[in-house]
Amino acid sequence: MKNHAAPHRSGPHSRAASRIAAWPFFSAAFISLVGMALSYRFFITTTSGQFIDESALVEAEAARQRIGIQTAQVLDSLPVTSLVIAALVVLFVTLARRRWKAAGFAIVAMAAANLSTQVIKAGLPDRPNLGVNTLALNSLPSGHTTLAASAAAAVFLVVSPRWRPAAGFVGGSYALVVGISTLINQWHRPSDVLAAFFIVAFWTALAALVVMRTGPKWNVWLGSDMHWASARWWTVLAGLLALLAGVATALILRSVSGPDAVSTTSYFLIGLGQIVVVGYGLTFAGILLLTLAVRRRSRR
């Protein structure tokens, strides 16, 4: 019976060649922590941040009146949908491809992200009174967004490299829809969604290093032109959407920064822009992080 797996030579040289550098993954985890800390620092402990965040939540009322029912249905079905999707994909990959270790670490990362969100939400103090009319109760991070993003990340970790660009973009888009839905239904402020994204990114980066190091035989790159799911445009599209959202957000923020500016939807759009920038920005970075590592390994 022929073995169609990627060639893998045994011996010290092979083990050295398959070694994945740890510093990019630890750097990604550290950057995620910094992003989480900065989100809290600006949006919770500064007057400007609280005003932008709360204004986005208040102005979401207009969107909720139009599509609130549809987005509420998304949120109501989220726990079952996320868990079923992640469980089916992880189970299939585990049984069909025998990636037991990858599945285990993906599940651990998913559980750790959701547990961290609940611990942080319970441990953070109430929002300080800085003169902004807002509820004092802490709502950061968003549990619904964490669940959706961590389920997508679990799938992203266990699929083979040729599927990761497409899985990363689709999973990132799914998490974005959920995060935006929580804002539209006025369940969470934009900063709550951003914090959830950063928490999932932190645990995904750490789990990815272990997955890459414990699965050298299947974590190999066959080329971006070998399969539609590994095409470069998945990565480019994520980066382009993040860039366009960043430019649009900056322009809208500039338009409402004057002393006479009046806004009815601008801050809501700013909140949406922030979610898209961070969501697709982390998606772009995650795809690059894992694909570049296997490309370097495959060239050795």
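1. Rings of Phe, Tyr and Trp (for Trp, its six-membered ring) pair if their centres lie within 6.5 Å; planes under 30 degrees apart count as stacked, over 60 as edge-to-face and the rest as tilted. On that basis W163, F169, W228, W233, W234 and Y280 form one aromatic cluster.

2. Before going on: this is a predicted model, where local features need pLDDT of at least 70, side-chain atom pairs count only at pLDDT 80 or more, and totals for chains, interfaces and linings use all residues. Numbering runs from 1 along each chain as its sequence is written, and side-chain values use heavy atoms, with hydrogens and water left out.

3. Searching the whole structure turns up eight aromatic pairs. One of them is F51 with Y267, edge-to-face at 5.4 Å centre to centre and 85° between the planes. That pair links distant parts of the chain, 216 residues apart: F51 sits in helix α3 (residues 47–97) and Y267 in helix α9 (residues 266–299). Helices here are DSSP runs (H or I, at least four residues), numbered from the N terminus.

4. How exposed are the two partners? F51 is partly exposed at 41% relative accessibility, while Y267 is buried at 9%. The cut-offs: buried is under 20% relative accessible area, exposed over 50%, partly exposed in between (1.4 Å probe, protein chains only).

5. F169 belongs to helix α6 (residues 164–184) and W234 to helix α8, so the contact ties together parts 65 residues apart in sequence. F169 is buried at 11%, and W234 is buried at 9%.

Note on methods. Helix = DSSP H or I, 4+ residues; strand = E, 2+ residues; numbered from the N terminus.
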